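Below is a report on selected local features of one protein model.

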Amino acid sequence: MCGIIGYIGKKEASDILIGGLRRLEYRGYDSAGICTVESDDLVTTKCIGKVVELEKNVNKNNHKGSIGIGHTRWATHGIPSNINAHPHYDTKKNFSLIHNGIIENYIPLKKFLEQKGVSFNTQTDSEVLIQFISYIHEKEKTDFFESVRLALKEVVGAYGIVVMHKDYPNTLVAARNGSPLIIGLSKDEKFVSSDVSAVLEHTRNILYLDDGEIILLNQEDYTIKNVLSDRIVSKDIHKIEMSLDKIEKSGFEHFMLKEIYEQPNSIKDSIRGRVRDNKVVLGGIYDKTQDILDADNIYITACGTSWHAAQIGSYIIEELLKKPVKVEYASEFRYRNTPIGPDSVVIAISQSGETADTLAAVKKANEMGSLTLGIVNVVGSSIARETDCGIYMHAGPEIGVASTKAFTSQVVILNMLALYLAEKKGIENTIIEDTIKDLHILGESINEILKLNEKILNIAKKYCNAENFLYLGRGYQFPTALEGALKLKEISYIHAEGYPAAEMKHGPIALIDEKMPVVFIVTPNGYSKILSNIQEVKARGGKIIIITLVDPSEMVDFVDHIIYIENSEKISNSLSPILTSIPLQLLSYHIAVRKGCDVDQPRNLAKSVTVE
């Protein structure tokens with residue numbers, strides 16, 4: 001969601017803030033702004049629109065100070081506008097704040113402050129927070145840091161904040177509750193950000209703030225405390241090993257296209273070191289293996305694309321372990337009276353490891369005594385730290401909002417998890433041996449699929465003006481159909497639905513006419529049945545696009561477009577969604593580009609949903 005960057009050091013803060021905000025653009029936003037301390041005064045520049053527009057305005061103002069904060073806003077309270085953009089002041093313009101999250105009790109706080117004579121300029125909950133901090137500062141006669149801490153004790157909701165005061169030109173105060181914040185440490189410089197990518201070119205030494213923690217930063221030192229208890233907290237410094245080229249486009253037009261083409265390597269990285277002597281080794285869950293096997297029930301919880309991967313994972317776990325697996329949207333799991341306890345395993349999947357609903361689901365599972373297992377991509381993320389055990393995806397940074405390589409890596413990890421547990425349980429099954437062999441050839445198979453890019457582009461040209469799409473698949477390809485439809489919706493704004501092919505006659509068939517493109521995912525599993533579905537669509541004039549692992553010679557006379565993935569007919573059923581999803585990614589990408597859409601930063605969407 002919103003992007004946060006703070007800096008204190010010896011350089012001009014505005015350059016570092018603008019550079020950091022560029023790195024954070026992928027998170028999704030509608031406005032941006034910075035504030036710096038200039039000769040004991042706060043100078044703010046903010047505007048609706050992109051960081052490039054902000055930079056033009058910043059250059060017109062006198063931002064020369066060496067301490068500052070910057071923000072990209074994704075609107076929650078109040079429309080996108082210059083005035084609602086961050087940073088926000090208090091009435092006397094002593095304090096400046098940037099905020100990611102939602103203050104749930106902002107209405108009673110606002111009414112309280114209005115009764116005290118405080119007036120408000122914006123529609124945001126964030127302004128209420130900075131006005132409340134200012135009120136506490138005057139009423140309690142406390143210093144800057146303590147004023148922020150005391151105010152936060154009264155706040156209900158999620159926040160990642162950074163605060164400045166014009167009379168403390170060598171101090172930043174930051175705090176976290178439910179919204180990620182990291183601290184970058186360098187000699188004579190300190191950084192605060194919602195994402196490591198914003199500080200990577202300046203330092204690799206990182207502190208992770210946990211919920212309920214507040215930090216005071218100056219050039220030389222820092223102090224971390226617990227918001228409620230005022231107790232000093234000590235933390236380990238983590239060294240980030242990531243090259244800058246991983247977060248650059250490297251010659252590709254968009255991050256999404258780059259990440260689609262990175263999948264042969266990202267999948268190899270997910271597997272590397274984990275398959276030895278035809279056995280799967282998962283060190284991150286080794287100590288909890290028997291507890292997982294002994295559990296009476298397994299839940300997988302996730303959001304969006306990760307939920308689709310979870311569905312695929314549930315199929316392979318059920319197939320191998322013969323144990324029922326329930327997949328739940330994290331937003332439902334966290335609020336529903338879910339029957340979990342010490343006999344349950346809850347697997348949480350999140351690319352960022354910061355997804356608010358998924359993190360809340362993990363905390364609920366922990367409170368209920370369940371064993372929690374995280375599958376995340378970002379090392380040191382909140383879900384990685386909250387879960388009892390876990391598996392890192394090692395897919396590398398994913399910048400494009402529409403997830404591509406993270407999805408395929410999640411499917412790989414879930415396959416390896418099922419194989420590992422089956423082996424540990426002593427199950428002998430040819431599926432295990434075959435799937436392990438197929439893991440080793442996935443990268444090469446994907447490289448062959450990427451050679452179909454030009455063909456997929458030509459198909460996209462024909463359908464970029466379509467208003468609706470239908471995606472149909474059976475078995476493992478049903479979640480793949482859901483994922484294909486989601487990709488198209490996310491980046492091209494075309495309405496699309498994913499359905500089990502057999503359910504077509506239970507409603508969606510009513511939509512089919514000569515204007516409706518229908519994408520079928522065809523594999524050997526259920527081939528004769530899906531062939532009948534294709535004939536039914538053809539009889540009603542629908543435009544048929546097939547992505548097939550099966551020789552299409554039988555279908556060539558009654559389909560409009562064929563994307564044939566050769567030499568893949570015998571790929572393991574549970575790995576086939578990896579191969580079939582890549583043409584769907586390319587199709588949605590090319591359609592969106594042809595429509596002139598912002599592929600990497602689609603409207604209204606954020607990469608990491610860190611608020612409800």
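The structure holds one cavity of 30 Å³ or more. A cavity here is a set of points, on a 1 Å grid over the protein atoms alone, where a 1.4 Å probe fits but cannot get out, and lining residues have an atom within 4 Å of a point. Grid points are joined across faces, edges and corners, and the volume is the space filled by probe spheres set on the points. The model is a predicted one: local features need pLDDT of at least 70, side-chain atom pairs count only at pLDDT 80 or more, and totals for chains, interfaces and linings use all residues. Residues are numbered from 1 along each chain as its sequence is written, and side-chain values use heavy atoms, with hydrogens and water left out.

The lining of the largest cavity consists of C2, H71, R73, W74, T76, H77, H86, H99, G101, T124, D125 and S126. Two of these residues are nonpolar, eight polar and two charged; Ala, Val, Leu, Ile, Met, Phe, Trp, Tyr, Cys and Pro count as nonpolar, Asp, Glu, Lys and Arg as charged, and the others, Gly among them, as polar. At least two lining residues come from each of strand 4 (67-73), strand 6 (95-103) and helix 4 (125-140). Helices (H or I, at least four residues) and strands (E, at least two) are DSSP runs, numbered from the N terminus.

H86, one of the lining residues, is joined to P87 by a cis peptide bond with omega of about 0°. P87 sits in the loop between strand 4 and strand 5 (88-89). Helix 4 also contains I130. I130 has a relative accessible area of 0% and is therefore buried; buried means under 20% relative accessible area, exposed over 50%, and partly exposed in between, with a 1.4 Å probe and protein chains only. Apart from neighbours within four places in sequence, I130 is in contact (heavy atoms within 4.5 Å) with H88, Y89, D90, F95, S96, L97 and V163.

Helix 1 is largely enclosed by the rest of the structure, because nine of its eleven residues are buried. The buried residues are A13, S14, I16, L17, I18, G19, G20, L21 and R23. Their cover includes strand 1 (3-8), strand 2 (31-38), helix 2, strand 4 and strand 10 (189-193). R22, at 41% relative accessibility, counts as partly exposed.

Across the whole structure, 31 salt bridges are found. A salt bridge is a side-chain nitrogen of Lys or Arg within 4 Å of a carboxyl oxygen of Asp or Glu.

| Salt bridge | N to O distance |
|---|---|
| R22 and E55 | 2.7 Å |
| D598 and K50 | 3.7 Å |
| R176 and E354 | 3.8 Å |

How are the residues of these pairs placed? R22 in helix 1 (residues 13-23) and E55 in helix 2 (residues 51-60) are 33 residues apart. E55 is partly exposed, with a relative accessible area of 25%. D598 lies in the segment after helix 19 (576-594), and K50 in the loop between strand 3 (41-48) and helix 2, 548 residues apart. D598 is partly exposed at 32% relative accessible area, and K50 is partly exposed at 30%. R176 in strand 8 (residues 172-177) and E354 in the loop between strand 19 (344-350) and helix 11 (356-367) are 178 residues apart. Both R176 and E354 are buried.

A network of salt bridges links E146, R149, K225 and D230. D230 lies in the loop between strand 13 (222-226) and strand 14 (238-239) and has a positive phi of about 65° although it is not a glycine. Its relative accessible area is 29%, so D230 is partly exposed. S39, likewise not a glycine, has a positive phi of about 50°. S39 is in the loop between strand 2 and strand 3 and is exposed, with a relative accessible area of 74%.

Is K405 buried or exposed? K405, in helix 13 (residues 405-424), counts as buried at 3% relative accessibility. A polar atom of its side chain lies 3.1 Å from the backbone oxygen of A395. Leaving aside neighbours within four places in sequence, K405 is in contact with E259, E262, Q263, S266, A395, G396, P397 and E398.

Methods:
On a 1 Å grid over the protein atoms alone, a cavity is a set of points where a 1.4 Å probe fits but cannot get out, and a pocket is an open set with protein on both sides within 12 Å along at least five of seven lines; lining residues have an atom within 4 Å of a point. A polar contact is a pair of N or O atoms within 3.5 Å; within protein, one must be able to donate a hydrogen and the other to accept it, and residues adjacent in sequence count only if both atoms are side-chain atoms.
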